[in-house]
Amino acid sequence: MDQLSVEHLLGIKYLKKEDIELIFKTADHFKEVINRPIKKVPSLRDITIANLFFENSTRTKLSFELAEKRLSADIINFSASQSSVKKGETLIDTVNNILSMKVDIVVMRHPNAGAGVFLSKHVNARIVNAGDGAHEHPTQALLDSYSIREKLGSVKGKKIVIIGDILHSRVALSNIFALQLQGATVKVCGPTTLIPKYITELGVAVETNLKKALQWCDVANVLRVQHERMDIKYFPSIREYTQLFGINKQLLDSLNKKIIIMHPGPINRGVEITSDVADSEQSIILNQVENGVAIRMAAIYLLAQQIKK
Ligand code: NCD
């Protein structure tokens, strides 16, 4: 396979195993490129990309921008807080206005689940979902799997536990789809109030005891509590959350093996993870960030290959 089976990158749900393999193979090449003294290739000189961020972002926005620049694409950036969205313009109007400036690819983060799918049906551009509400965050899941493959040789057969606020996390859902597609076993661990009822239907086991979950896994992917998506209290206090679901060095050292620690960021140090764990040699958090650029270069490059000029 040398082409993606999809026209947009809306979610891992729509991908085949072969798509993920193709993205990884392409990312291997781009990872080599971004470690050269001249970290740039001319591949997308004829492509224009709009980065539309209707929700806050640090890592993902910078990572996409850098990936696009390394591919020599022309880029325009938009963030909702400084735009006419505040004046009542609809999503389709906003995007169509931007597209009339001859944009080929739209990278969009949006607070509503399904925003990317909706847009892909109404506008004439390739859409990359950079996170839609609590739904999917495909490039994050791809870079997470890519980082596991880099560290452990493959994803197949590995045991991964995703810890924390599964209910409100788009990273969790995309990771579950991606890891299972590649033959990994996935468990989730967190307060029962933050684990969706449907999770077992996805073939994911629930473990509420953090130590048991860590003892079982090869990799722990630790998530932030998404307070901004909560309208009620899901657990009594942050202090109790940390006591039951926070990872500290003492807990990590009490396991009879060395597991790998991941986190998509932003980290709440001292809540879901202590600094000495986040910064330990078992943590691959900064490798994830580095790999994010190569993965986003690969995804955008492959989508751009399908655009007929
Ligand atoms: C995540 C997100 O925005 O979904 N972060 C990211 O993209 N690196 C997770 C989070 O906000 O906790």
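**Before you start.** This is a predicted model, in which local features need pLDDT of at least 70 and side-chain atom pairs count only at pLDDT 80 or more, while totals for chains, interfaces and linings use all residues. Residues are numbered from 1 along each chain as its sequence is written, and side-chain values use heavy atoms, with hydrogens and water left out.

**Stop 1: the largest pocket.** Select Thr60, Arg109, Arg170, Gly265 and Pro266: of the 27 lining residues, these lie nearest the centre of the largest pocket. A pocket here is an open set of points on a 1 Å grid over the protein atoms alone, where a 1.4 Å probe fits, with protein on both sides within 12 Å along at least five of seven lines; lining residues have an atom within 4 Å of a point. The space inside is about 470 Å³, a volume being what is filled by probe spheres set on the points.

Now colour α2 (59-70), α5 (138-152), α6 (170-181) and α11 (285-305), the elements that give two or more residues to this lining. Helices are DSSP runs (H or I, at least four residues), numbered from the N terminus. The most comes from α11, with four residues.

Where does the largest pocket lie? Domain 1 (12-136 + 289-305) and domain 2 (138-284) both contribute to its lining, so it lies between them. The domain bounds come from an automatic or database domain assignment.

**Stop 2: the ligand.** Then look for its polar contacts (pairs of N or O atoms within 3.5 Å). An oxygen atom of the ligand is 2.9 Å from a side-chain N or O atom of Thr60. For His137, the distance from such an atom to a ligand oxygen is 2.7 Å. Arg170 also places a polar side-chain atom 2.7 Å from an oxygen of the ligand.

**Stop 3: the second largest pocket.** Move on to Lys17, Ile20, Glu21 and Phe24, which are among the residues lining the second largest pocket. Helix α1 (residues 17-33) gives the most to this lining, with four residues. About 210 Å³ of space lies inside. This pocket too is lined by residues from both domain 1 and domain 2, so it lies between them.

**Stop 4: Thr94.** Finish in helix α3 (residues 91-99), where you will find Thr94. Is Thr94 buried or exposed? Its relative accessibility is 3%, so Thr94 counts as buried (under 20% relative accessible area, with a 1.4 Å probe and protein chains only). The side chain of Thr94 reaches the backbone oxygen of Thr90 at 2.9 Å.

Note on methods: Buried < 20%, exposed > 50% of the residue type's maximum accessible area, 1.4 Å probe, protein only. Polar contact = N/O pair within 3.5 Å; in protein donor to acceptor, adjacent residues only side chain to side chain.
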